[in-house]
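Subject: Structure handover

Hello,

Here is the structure we talked about. My notes on how its parts meet follow below it.

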Amino acid sequence: MSRAVVVTGMGMTTPVGGDVESNWEAILAGQSGISLIDEPWVEDHTAKIAGIMTVDPLSILEKHETRRMDRSQQAALIAAREAWENAGSPDVDVERLGTVIATGIGGITSLLASYDILLDRGPSRISPHMVTMIMPNGPAAIVGLEFGARAGVHTPVSACSSGAEAISYAARMIQTGRADVVIAGGAEAAIHPITMAGFAAMRALSTRNDDPQAASRPYDIDRDGFVMGEGAGIVILESEEHAIARGAKILGRYAGAGLTSDGHHIAQPDPEGAGAARAITCALEEASLTPADLVHINAHATSTPQGDIAEGTAIRRALGSATDNIYVAGTKSMTGHLLGGAGAIESIYSILAIRDRKAPPTANLDNLDPEVTLNVGNNGPVELPQGDIAVLNNSFGFGGHDVAVIFRSV
Amino acid sequence: MSQEEVLGGLAVIVNEVAGVPVDQITLDKKFVDDLDVDSLSMVEVVMAAEDKWGVKIPDAEAKNLVTVGDAVAYIEANS
C-alpha cells in the first residue's frame with residue numbers, strides 16, 4: 001500500500017520573515033536576515049553574528065503559553081498555526097492526524113537558563129515545565145496537543161537533516177495508511193553562548209562579523225563557515241484522496257525521499273559525496289523520476305569550505321550531465337542555518353519555487369569557487385519552466401546523515 | 001496584610017501562570033476545576049507565592065489548597 005501524498009498547507013517563521021509570504025518575498029529578492037547578536041556575551045566570541053527570527057514569538061503568543069515553552073516550541077507552534085490555517089483548518093478524524101516535528105538540539109537554551117537558576121537560587125526554584133521544555137520532542141508534542149493529533153507524534157533527530165527527515169517520516173505515515181493528515185517540519189532556537197562557542201570550536205562558523213549580511217555565502221570562494229539561524233517551518237501533508245475529498249487546495253506533491261548515511265566521519269562530509277549521491281538517487285527512484293525531470297535544487301549549501309564542494313560532487317555523481325540544466329540555490333545565504341529547522345524551511349522554499357515557477361538566488365555569491373561545478377548564481381530569481389516539474393531539497397547532518405526530498409508540481 | 005491584598009497578588013500570579021483573567025480569580029474558585037491550573041502549574045503558583053510573601057508551602061500543605069480562598073487563608077496565616 002502506498003498512497004499519494006500532497007502538500008496542502010505551509011507555515012514558517014525565520015530570520016527573513018514571520019510568515020510564508022514575507023519569507024518568499026525576501027528570499028526571491030536575495031535579502032539577508034543575518035545581523036550582529038545584540039548581547040553583551042558576544043564580546044569574547046569569534047563568531048558574533050546570527051539570524052534571529054524577525055518576529056519575536058513573545059510578541060505573538062500569550063505569556064502563560066511562552067512560560068511553559070522553549071523558544072523552539074514557540075516557533076513551531078506559530079508556524080504550525082499558520083500552516084493549519086493555510087490548509088483550510090482541515091476537518092480530520094484526530095485518530096488519523098499525526099505530527100512529526102524535528103529539532104537538531106532541542107530546548108538547550110531552556111536547559112541552560114534552568115542551570116543558571118539552579119546555581120543562583122537552588123533546586124527548589126526550577127520550573128515544573130523545565131523537562132517538557134528541554135525534551136527534543138517538545139515542539140512535536142506542543143503542536144500535536146494544539147491540534148489533538150492521535151495518530152502518533154514523532155521526532156526524528158539527525159542534526160541538520162532532521163527537518164527533512166521529519167517530512168519523509170510524515171509522508172511515510174500517510175503512504176502506509178497510518179494517517180490521513182500529518183503536521184510536519186522542524187524547529188530550532190539554539191542561539192546561545194555555549195552553542196556558538198561549540199560550533200566555533202569546530203571552526204564551522206563564519207567570523208565575518210564586520211559584514212553580517214555577507215557572511216553566509218555558499219559557493220563563493222571567500223566563504224568561511226555557516227551562520228546560526230533560528231525559526232521553524234511546518235507543512236501540512238495529506239493523502240491525495242483526503243485532500244480531494246475535502247476540496248483542499250493542493251500546493252504541491254511529495255514525490256519521494258532518500259535517506260542514507262556516510263559511514264565516514266562524525267562531522268566532516270565524505271569528500272566523494274557517495275552517501276549524499278545515493279540519497280538523491282533513492283529519492284528519484286521513489287519518485288519514479290529521472291535526473292532530467294529536476295529543474296531546481298534547494299541545496300544544503302551551508303557556506304562551509306568543505307561542505308559546499310562535497311555536495312556539488314554528490315549532486316554531479318547522482319545526476320550526471322543533467323546537473324548542468326538544474327538551477328541550484330543556497331537559501332542559507334539569507335536565512336543562516338536553522339539546523340533542525342533547515343530541511344523544513346527549505347522544503348517550503350522548494351514548494352514555493354514550484355508554485356511560482358521561480359528559483360531564488362544564492363545571495364553573496366560574488367566569485368564562484370572553481371571547485372564548484374554547479375549551475376548557480378546570485379542574479380535571481382530565475383524562471384522555471386511551465387508544465388510538470390520537480391524540485392530536490394538536500395539536507396545533511398553531523399553524524400553523516402544524508403536526506404534528499406523531492407517535490408513535484410500538482 | 002489584608003485578604004484583598006493577598007487575593008490581588010495571587011490573582012496576578014494565577015493570571016501569569018494560567019492565563020485566566022484577573023477578575024475571574026475569586027475566593028470560591030477551584031484551581032483545577034475552575035481555573036485550569038493543573039498540578040504542574042500549581043507548583044508554579046506555589047513557588048511564586050513563596051517568593052512573593054516569604055512563606056513556605058510544603059507539598060503536604062499545597063495539596064490541601066483546593067480553592068483560591070484556601071490559598072489566601074494559608075498565606076495570611078503563615079506570612
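In chain A, 62 residues of domain 1 are in contact with 56 residues of domain 2, contact meaning that C-beta atoms, placed from the backbone, lie within 7 Å. The model is predicted: local features need pLDDT of at least 70, side-chain atom pairs count only at pLDDT 80 or more, and totals for chains, interfaces and linings use all residues. Residues are numbered from 1 along each chain as its sequence is written, while chains are lettered from A and ligands numbered from 1 in the order in which they are written.

Domain 1 of chain A covers 5–245 and domain 2 covers 256–408; the bounds come from an automatic or database domain assignment. Taken over C-alpha atoms, their centres are 20 Å apart.

On the domain 1 side, H7(A) gives the largest share, 8 residues. By class that side has 34 nonpolar, 21 polar and 7 charged residues (nonpolar: Ala, Val, Leu, Ile, Met, Phe, Trp, Tyr, Cys and Pro; charged: Asp, Glu, Lys and Arg; polar: the others, Gly among them).

Helix H7 (162–175) of chain A packs against helix H13 (342–356) of chain A at about 65°, axes 5 Å apart. Helices are DSSP runs of H or I, at least four residues, numbered from the N terminus. Axes are lines fitted to C-alpha atoms over the stretch in contact, with angles from 0 to 180 degrees between N-to-C directions. The two helices, H7(A) and H13(A), are therefore roughly perpendicular (65 to 115 degrees). Among the residues making the contact are A:Gly163 and A:Ile167 of H7(A) and A:Gly343 and A:Ser347 of H13(A). The residues of this H7(A)–H13(A) contact comprise 5 nonpolar, 4 polar and no charged.

Regards

Note on methods. Angles under 35 degrees count as roughly parallel, over 145 as roughly antiparallel, 65 to 115 as roughly perpendicular and the rest as oblique. Two residues are in contact if their C-beta atoms, placed from the backbone, lie within 7 Å.
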